[in-house]
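Visitor: I have a model open and some questions about how it is put together. Can we go through it piece by piece?

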Amino acid sequence: MQYYKLMVDGENSTDNIYAHPCIEVEDPYMFCYGKGVEKWEPVRFECDIKKGTVITEYLRNSYGWDIFSERALKLFGNIISDDVQLLPVNIINKDTGQEIEKYYVVNILAFLDALDLENSLYTYHKIESINKTWLSVIKYGLKKSEIGEHNIFRLKDSPMAVFVSEKFKKVVETNKMLGLDFLQVKTG
């Protein structure tokens, strides 16, 4: 099976809506640790529909969180259910105050030791605001033997990126989901 780095669709993103949080959260990186959230109050995001008119299944946002529409999650069905925690967010039209659509932060719990350093190009990057040093990978290589049956996951050594399987990508393409793009990664 082939694997891909999940990305926001940059080619068609100029018309896509962009969500800004109405409040700041204590740790905007909270979904990069592979831990479930026990207490969750839905974060409210506002969108300016005048600046972006296309409502996508994968919502761009200033926190960089993985926010998927309810439609997308229904289409994925059980292919990601064991690897994620779904947390509701409120996506509001800035002008009308009305909720645009149901969306959820997909908190990815599958953190795998699957980075193949021999087939990756990387450096180290320090994030001062949270006092952590993370591997900054420019070109990914993955160890297929460590991935197993996971269709969505992060890497323990490089937790900012999200990876998905060919099966995940096929659901996106078959259903013409908007807002997602994929970069094929070397898998050995």
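Visitor: Which residues of helix 3 are buried?
Guide: Phe-168, Lys-169, Val-171 and Val-172 are the buried ones. Buried means under 20% relative accessible area, exposed over 50%, and partly exposed in between, with a 1.4 Å probe and protein chains only. This is a predicted model, where local features need pLDDT of at least 70 and side-chain atom pairs count only at pLDDT 80 or more, while totals for chains, interfaces and linings use all residues. Residues are numbered from 1 along each chain as its sequence is written, and side-chain values use heavy atoms, with hydrogens and water left out.

Visitor: What covers the buried residues?
Guide: The cover includes strand 1, strand 5, helix 1, strand 12 (152–155), strand 13 and strand 14. Helices (H or I, at least four residues) and strands (E, at least two) are DSSP runs, numbered from the N terminus.

Visitor: And what follows helix 3?
Guide: Lys-176 does, with a positive phi near 50°.

Visitor: Next, the core. Which residues have the most contacts inside the largest one?
Guide: Leu-6, Phe-68, Phe-76, Phe-168 and Leu-180, in a nonpolar core of 22 residues. Such a core is a set of buried Ala, Val, Leu, Ile, Met, Phe, Trp, Tyr and Cys residues joined through side-chain atoms within 4.5 Å. Among the elements that each supply at least two residues of this core are strand 1 (3–8), helix 1 (70–76) and helix 3 (166–174).

Visitor: What is Leu-180 in contact with?
Guide: Leaving aside neighbours within four places in sequence, Leu-180 is in contact with Leu-6, Met-7, Asp-9, Glu-57, Tyr-58, Phe-68, Phe-168 and Val-172. Contact means heavy atoms within 4.5 Å. Another core, of 19 residues, lies apart from the largest one and has Val-37, Trp-40, Phe-45 and Leu-87 among its members.

Visitor: Switching to aromatics. How many pairs are there?
Guide: The count is 16 aromatic pairs. Rings of Phe, Tyr and Trp (its six-membered ring) pair if their centres lie within 6.5 Å; planes under 30 degrees apart count as stacked, over 60 as edge-to-face and the rest as tilted. Tyr-58 and Phe-68 form a tilted pair, 4.8 Å centre to centre with 45° between the planes.

Visitor: Are those two buried or exposed?
Guide: Tyr-58 and Phe-68 are both buried. Ring pairs also link them with Tyr-4, Phe-76, Phe-168 and Phe-182 into a cluster.

Visitor: What sits over the ring of Tyr-4?
Guide: The charged end of Lys-169, 5.0 Å from the ring centre. The criterion is NZ of Lys or CZ of Arg within 6 Å of the ring centre and within 35 degrees of the ring normal.

Visitor: How do strand 11 and strand 14 pair?
Guide: In the parallel sense, over two bridges. Leu-142 stands opposite Thr-187 in strand 14.

Technical notes
Pairing = 2+ DSSP bridges.
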